[in-house]
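Here are some notes on the structure, written as numbered points. Please read them with the model open beside the text.

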Amino acid sequence: AIEISRSYFEKYVASSGLSMDLKEKDKTRKRNRAKTILRLQNNLKSLTLHEGFTVFREGEEANALYILESGLVNVFVDEKKVFECKPGDIFGEHSMIMGRPRNTSA
């Protein structure tokens, strides 16, 4: 997975001239725009994650988001699997974009 820190994300969004105003009514469009921006970035931190490793937990502050390069990552709400990330998927972005604690574990 590729880790993108909150500070990098905020710095890039600020320098790009894009508005990430939380008042934007179309949250899906806002999330998709952020995902597109992130996929175009260079100089990101690569991580090797092992089976069973917890990347983040529900309720934690969002310090990073991730782009999965290979393998699978399961996403849970209240210990129930709700989604499976595949290569190319971004996960952990909702809390970063919305400025809220994590609503899932991965």
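1. Rings of Phe, Tyr and Trp (its six-membered ring) are taken as a pair if their centres lie within 6.5 Å. With this rule, Phe56, Tyr66 and Phe91 form one aromatic cluster. The model is a predicted one, and the points below should be read with that in mind.

2. How many aromatic pairs does the rule give? The count is three aromatic pairs. For one of them, Phe56 and Tyr66, the ring centres are 6.2 Å apart and the planes meet at 20°; planes under 30 degrees apart count as stacked, so this pair is stacked. A pair of aromatic rings is described by the distance of the centres and the angle of the planes.

3. Where in the chain are the two partners? Phe56 is in the loop between β2 (45-46) and β3 (64-67), whereas Tyr66 is in strand β3. The two residues are ten residues apart, and the pair links distant parts of the chain.

4. Are the two partners buried or exposed? The cut-off for buried is under 20% relative accessible area. Phe56 has 4% relative accessibility, so Phe56 counts as buried. Tyr66 has a relative accessible area of 7% and is therefore buried.

5. Phe56 also has a charged group over its ring. The charged end of Arg102 sits there, 4.0 Å from the centre of the ring.

6. Ala64 lies in strand β3, the strand that holds Tyr66. At 5% relative accessibility, Ala64 is under the 20% cut-off and so counts as buried.

7. Which residues does Ala64 touch, apart from its neighbours within four places in sequence? Ala64 is in contact with Glu3, Ile4, Ser5, Arg6, Gly92, Met96 and Arg102. Of these, Met96 is 32 residues from Ala64 along the chain, and their C-alpha atoms are separated by 7.1 Å. Arg102 is the residue whose charged end sits over the ring of Phe56.

8. The loop between β4 (73-77) and β5 (80-85) contains Asp78, and Glu79 is found in that loop too. Asp78 has a positive phi of about 50° although it is not a glycine. Glu79 is not a glycine either, and its phi is positive at about 65°.

9. Asp78 has a relative accessible area of 58%, so Asp78 is exposed. Glu79, at 78% relative accessibility, therefore counts as exposed as well.

Definitions and conventions: Residues numbered from 1 in each chain as written. Predicted model: local features only at pLDDT ≥ 70, side-chain atom pairs only at ≥ 80, totals over all residues. Heavy atoms only, no water. Phe/Tyr/Trp six-rings, centres within 6.5 Å; stacked < 30°, edge-to-face > 60°. Helix = DSSP H or I, 4+ residues; strand = E, 2+ residues; numbered from the N terminus. Buried < 20%, exposed > 50% of the residue type's maximum accessible area, 1.4 Å probe, protein only. Lys NZ or Arg CZ within 6 Å of the ring centre and 35° of its normal. Contact = heavy atoms within 4.5 Å.
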